[in-house]
Amino acid sequence: MLAFIVRRLIQSIIVMLAVAFIAFSLFQFTGDPINNMVGPEASAETRQLLRERLGLDKPFPIQFLHFVGNVVQGEFGVSYRLGMKVEDILVQRLPATLELVAVAALLALAVGVPLGVYTGLHRYGAVSRLMLTLSLVGISLPTFLIGILLILVFAVWLGWLPSFGRGKVVSIGWWTTNFTSWDGFRSIILPAITLSLFQMTLIMRLVRAEMLEVLRTDYIKFARARGLTNRAVNFGHALKNTLVPVITITGLQIGALIAFAIITETVFQWPGMGLLFLQAIQFVDIPVMSSYLVLVAFLFVIINLVVDLLYYAVDPRLRIDRAAVGAH
Amino acid sequence: MRANRPLLEVDRLRVEFPTRRGTLVAVDEISFHIDPGEVLGVVGESGAGKSLTGSAIIGLLEPPGRIAGGRILFDGSRIDDLPYEQMRRIRGKQIGAVFQDPLTSLNPLYSVGRQLIETITTHLDLSEGQARKRAIELLAEVGIPAPERRIDQYPHQFSGGMRQRVVIALALCANPRLIIADEPTTALDVSIQAQIIALLKKLCREHGTAVMLVTHDMGVIAETADRVAVMYAGRIAEIGPARQVIKQPLHPYTVGLMGSIPMVGTDADRLVQIEGAMPRLTEIPPGCAFNPRCPKVFERCRHDRPDLIRVGPASTACWLYDGQAGHD
Ligand SMILES: Nc1ncnc2c1ncn2[C@@H]1O[C@H](COP(=O)(O)OP(=O)(O)O)[C@@H](O)[C@H]1O
Ligand code: SF4
Ligand SMILES: [Mg+2]
């Protein structure tokens, strides 16, 4: 177990270094950063001074190590566009995105898993068929269209929910949250639904397919032959066996949610990292872009670690300790 | 109450699969009975309908398969038309089952103890602690060493033979009066097969449990069964005392089977020395289903279908014995 975690941590560090390298390379592709900082009329001496002060005269590997060192200490440089420290901007934006993604993921699980179980158990029922058809719509409509439709119905026609922004947020330390005010809570509903719809249908279809698969297995037939109740068979035995693939996909999908959040945040003008990233691209704001990459990669790595630990919790076959095997 | 009422009575059971191209009759009006404590061996080539008969008895036919006719009586009352919940209470408690593949009969995510305890507490009015004590006793009874320790282990930590012992413990844990064992050793290593059969035989004798033992292995039948039923293409070709059927087979199909009595532990399927193969359900010929392969076929066999005819202590479905019917 410990060896496994250590191995995973080392892998994670390698992944992070690779991403950091790509993020760092962004700076090289966009020409001399000095040009971005000083006007065209600056003298050669000024440029050279600045170059030395920023360490840009050093060889490439040294510059990279310097970059990694800064990132580890939480220093991401200064935004070209906003003139603020990138880490300060990220701290402002991170809670908005994470809260949106968390609500969307919970929503996708809370709706997707029960619907998947239901449609798997009542394979030929009318409700199941309807849900499957609807889920096709959910999978095929693009996110921005769903967002705009929801805004049209719930914000414009019905006027029930706000159509943009985070509403009133409350600060708790450096974190800002939507959940402590009614206005903030109302504001997160439409974007969260928009963001989760695709994942929700995906999880539902996945759970359904897995349920159908598991219900065919011998151990389910044997569980029924032992006279266990339907509830014990369906939820105790069958559902638990669908969890490993569901955890895998959910983990991957949380990553996808962070990525898709770019679109949702744009549609709803949600002040998160996705919106920040899009604006950074428009302005070729390299420090912000590269920091976003590093941060998202970091979140992915964390999610993968959690997914692996959950596997351990669910599947005893992964927990084989040598002592027990040796006892055969 | 009659003193010697059969424990199980299968009366003109018919199992069908509705398909787009018409109805397939997989089990065609078969009748037999099992007395309390008796071992009935069931033999026949793959696809003869042995497993479907077993599934029909425990009420676990998988749709679209269904019982289309006949009755199944257990201890004098009908069980083929019971509502799911009532039949569930009979499964495991009155009628246990052991399936072919011990490697897939156990849920990989739960310890064997959990699976035993849940089965015990489902059927018997015992506390968790009492059930655990009983589970350990059962594991000891089926010959698992160090049961106090093994009870908390997972299926993957047991070998194939040990797993089948656990499966037998699960089938016996509420002391059922009948066990349906569908090829319980086919998937096991040849060296272990005899042990498992001996165990099953011993336990059932001690507990007075009747057994419907489906097997390919004539050696097992000779050693274990009181009576034997030979199935061919969804019907019973011959049924009678095991000794009788083995020594003096009546039906030409049985004669062919016995002519190739395999060594203990081999698969009769591959040893059938009768020319040709059993017809598919869609291609069952009119008259006697065996007529294309029968060395003794005559005109009548191609038009009329024979029913079981009593010949001495056995019965057979073959026109050769028409008019020789013994009297009860
Ligand atoms: N779901 C199904 N649809 C159509 N035919 C089936 C189905 N399940 C089983 N059968 C047919 O029923 C027959 C009997 O099967 P089975 O009872 O499993 O045979 P056995 O156990 O004697 O080998 C086989 O010919 C098989 O093709
Ligand atoms: S009825 Fe005819 S074809 Fe069928 S087994 Fe008897 S002799 Fe052979
Ligand atoms: Mg079978």
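Predicted model: local features only at pLDDT ≥ 70, side-chain atom pairs only at ≥ 80, totals over all residues.
1. Leu8(B) touches Phe32(B), His33(B), Ile34(B), Ile57(B), Ile72(B), Leu73(B), Phe74(B) and Leu178(B), leaving aside residues up to four places away in sequence. Contact here means heavy atoms within 4.5 Å.

2. Leu8(B) is among the residues with the most contacts inside the largest nonpolar core, alongside Phe32(B), Ile57(B), Ile95(B), Ile168(B) and Leu178(B). That core has 95 residues. Its largest share, 7 residues, comes from helix 7 (residues 160-172) of chain B. Apart from this core lies another, of 49 residues; among them are Leu100(A), Leu195(A), Leu276(A) and Phe277(A). A nonpolar core is a set of buried Ala, Val, Leu, Ile, Met, Phe, Trp, Tyr and Cys residues joined through side-chain atoms within 4.5 Å. In soluble globular proteins, nonpolar side chains tend to be buried together.

3. A word on conventions. Residues are numbered from 1 along each chain as its sequence is written, and chains are lettered from A and ligands numbered from 1 in the order in which they are written. Local features need pLDDT of at least 70, side-chain atom pairs count only at pLDDT 80 or more, totals for chains, interfaces and linings use all residues, and side-chain values use heavy atoms, with hydrogens and water left out.

4. Leu203(B) sits in helix 8 (residues 190-207) of chain B. Helices (H or I, at least four residues) and strands (E, at least two) are DSSP runs, numbered from the N terminus. Leu203(B) is buried, at 1% relative accessible area. Buried means under 20%, exposed over 50%, and partly exposed in between (1.4 Å probe, protein chains only). Leu203(B) touches Glu141(B), Val142(B), Ile168(B) and Leu172(B), not counting residues up to four places away in sequence. Leu203(B) and Ala289(B) are 86 residues apart in sequence and 38 Å apart in space, C-alpha to C-alpha.

5. Val39(B) belongs to strand 3 (residues 39-43) of chain B. Val39(B) is also buried, at 11% relative accessibility. Its contacts, not counting residues up to four places away in sequence, are Val211(B), Leu213(B), Thr224(B), Ala225(B), Asp226(B) and Arg227(B). Leu199(B) is 160 residues from Val39(B) along the chain, and their C-alpha atoms are separated by 14 Å.

6. The peptide bond from Pro63(B) to Pro64(B) is cis, with omega near 5°. Pro64(B) lies in the loop between helix 1 (50-57) and strand 4 (66-74) of chain B. Asp75(B), in the loop between strand 4 and strand 5 (77-78), has a positive phi near 50° without being glycine. Asp75(B) is partly exposed, at 29% relative accessible area. Asn175(B) has a positive phi of about 55°, and is not a glycine either. Asn175(B) lies between helix 7 and strand 7 (178-182) of chain B, in the loop. At 39% relative accessible area, Asn175(B) is partly exposed.

7. Which residues surround ligand 2? They are His251(B), Pro252(B), Cys288(B), Phe290(B), Asn291(B), Cys294(B), Lys296(B), Cys301(B), Cys318(B), Trp319(B) and Leu320(B), each with a heavy atom within 4 Å. By class, this shell has 8 nonpolar, 2 polar and 1 charged residues. Ala, Val, Leu, Ile, Met, Phe, Trp, Tyr, Cys and Pro count as nonpolar, Asp, Glu, Lys and Arg as charged, and the others, Gly among them, as polar.

8. Chain A has 13 helices and 2 strands. Buried residues make up 44% of its 328 residues. Its C-alpha atoms fill a box of roughly 85 × 65 × 35 Å along the principal axes.
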